[in-house]
Amino acid sequence: MRHTSLSRSILLTAMLAAPLAGAAEWRAVLNARNPGIVLPQLPPVNENYSIESTTMADRGPPLLSFARTRPSLPNEHWAEKGGQLLPIARTDVTDATGPGRTGAEAGDVFRNVQADRDGFGTNHRVFAAIAGAPGSSGGPQSVWRWDGTRNIEIARNGVGSESPLGPGLPPGWMFYTLKPFGSFRDIDARALPNGEAVMSVQINGNGAGNLRDAVIHHRPGSGNRACFFTYDVGPDWSPDIGGIGTFASGAGPDMLAISPRGEIYSVAGTTGVENVPGSARGGIWRLCDGSPRALALTGDSGALGPGMGASATFSTIYALLATGRPGEVLFTAKGQADSGAFFGLFRHAPDGSHSPVLVRGAEGALGPKIAGQVFQDGDFQYQVRAAGRYAALKATMAPVGNPQQTTTGLWHITPEAGATPLALLGDTGTYAPAPGRTWMEFYRFAVFDNGDVAVFAEVSNPGESSIWRLRPGQAPQKVLGYGTMVDVPTAAGVVPTPVSMIYSMSPRSVASPGDDGVFNASGFAVQSVELQGYGSTVIVRGNVTDRLFADGFGYE
């Protein structure tokens, strides 16, 4: 597999294929380097620009966002709306694509538009930028939201709670950074329904002498409100359970997980109570819906425990969550039961109950469903994705009694059937991609609202990287790879053109629910390729699935 930046790129898309269509359809929609491709919505290629950091909405309409960059000039943000591509944030202008400040700052312009951004629906994006007077280096970093027409600043670094751009905490507290400690992102801000946003940040002030973690919820017309704040007992941002202390900095919130409906979840730990051994806990919390509410908690053998017997408790709950149906979360955990230590994947069901989906070392219903094999993953969080009632999992299994002989695979998950195998690396039989071919590596994958699974994988004989559609009990279908036809608009009309090479494309190394990325819950994918006869790298978007959706379209 070859890797490339998106700097010499064409972006391709497929218009939504008719229900039950036989094959994915792909169509070019963005072009930065090939003069033979005619896309009048974009500036001409002779302006010497690049298209980078391309993402697609992970839910709702599969709308593109991307950065347009030019040598020695700052980035621009572009977005797709109503079938059009348009700039939403540009440097050194005061029109609707500028920062939209008022009063003494009315003349400010964007000086640097940063890469991280997220969207929800057609008319809502959040992004980070630096603005200031023309010709200046700009002021502190801020977060803006785009409402489909203009940009509105919602948070500014270094600003205190006396300002509507502050964190919404008691007086004296201010933003220190607009991202959590250790994050490699520009910001960790997510778009929510109705123009709302949520940000994971660091706070300082009031002589605290140390930084505190916080989660800030923005609501248009109401401003910012803290709904998680470490080392504080305020009812709006402290645990809803007594006897476990306050939330602790450095123990979360990790990887905010946002459901298609805007529910906010995170894993976080508490300080415990002084001189009370074992009172510090870790858990999964529902945030910004009243006080932080525990869904699962370490050290609890009751309703917040694993549901594996009266004395079973979690000892560790891992940070990466997957959100499915309303009120449902899949998570990795380990703990202790009457039968001994356990490690596995668990489901927090909509009714609040917990049950294991799979358990390391188990056969039968909690095993990999392959005779003589058990799950054999180490103590690290599972890669799991969810949409509606379905989920997909990447995991490792091994023969009973031979834990060193491991095989990596993909499994399909439902509440009724548990984990069902779909594909196994190196298999030449039932779980191979095609007769005479084997899976060499699984890279990114997703599950859609109709239960289909898509995986970007490397296969053998011949060797290629490609996107495949997987369904339990059915043969895999390659939907994008060498020879796949792409509709390319030219001066002579739309010309079907074959793919000649496919590239790696991963906007983020670890995606968390609610992140825009390269898959959309309604069945679309974007991917970097080359087209026969064109000299520059390309990216594709297509409808990977070919059947009706069982659980809506991910945004209803």
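This passage describes the fold, surface and selected residues of a predicted model of one chain.

The model is predicted: local features need pLDDT of at least 70, side-chain atom pairs count only at pLDDT 80 or more, and totals for chains, interfaces and linings use all residues. Residues are numbered from 1 along each chain as its sequence is written, and side-chain values use heavy atoms, with hydrogens and water left out.

The chain contains zero helices and 38 strands. Helices (H or I, at least four residues) and strands (E, at least two) are DSSP runs, numbered from the N terminus. The radius of gyration is 24 Å, close to the 24 Å that the globule rule gives for 556 residues, so the chain is as compact as a globular protein of that length. This radius is taken over C-alpha atoms, and the globule rule is 2.2 Å times the number of residues to the power 0.38. The C-alpha trace spans about 75 × 70 × 35 Å along its principal axes.

Of the 556 residues, 58% count as buried. Buried means under 20% relative accessible area, exposed means over 50%, and partly exposed lies in between (1.4 Å probe, protein chains only). The accessible surface comes to about 20900 Å², and carbon and sulfur atoms contribute 52% of it; accessible areas come from the Shrake-Rupley method with a 1.4 Å probe, and for residues only the protein chains shown count as cover. Among contacts (heavy atoms within 4.5 Å) with a separation of 6 or more, 48% join residues 24 or more positions apart. The mean positions of the 42 positive and 47 negative charges are 4 Å apart. Lys and Arg count as positive and Asp and Glu as negative, while His and the chain ends are not counted; the place of a charge is NZ of Lys, CZ of Arg, CG of Asp or CD of Glu.

The structure holds 20 aromatic pairs. Rings of Phe, Tyr and Trp (its six-membered ring) pair if their centres lie within 6.5 Å; planes under 30 degrees apart count as stacked, over 60 as edge-to-face and the rest as tilted. One of the pairs is formed by phenylalanine 66 and tryptophan 78, which are stacked at 5.9 Å centre to centre with 20° between the planes. Phenylalanine 66 belongs to strand β5 (residues 64–70) and tryptophan 78 to strand β6 (residues 73–81), twelve residues apart. Phenylalanine 66 is buried at 0% relative accessibility, and tryptophan 78 is buried at 5%.

The ring centres of tyrosine 443 and phenylalanine 456 are 5.8 Å apart and their planes stand at 40°, so this pair is tilted. Tyrosine 443 lies in strand β30 (residues 439–447) and phenylalanine 456 in strand β31 (residues 453–459), so the pair ties together parts 13 residues apart in sequence. Tyrosine 443 is partly exposed at 29% relative accessibility, whereas phenylalanine 456 is buried at 0%. Elsewhere, ring pairs link Phe314, Phe331, Phe342 and Phe346 into a cluster.

Isoleucine 370 is placed in the loop between β24 (354–359) and β25 (373–375). Isoleucine 370 is buried, with a relative accessible area of 17%. Apart from neighbours within four places in sequence, isoleucine 370 is in contact with Met397, Pro421, Leu424 and Tyr431.

Glycine 493 lies in strand β35 (residues 493–504) and is partly exposed at 27% relative accessibility. The C-alpha atoms of glycine 493 and isoleucine 37 are separated by 9.9 Å, although the residues are 456 residues apart along the chain.
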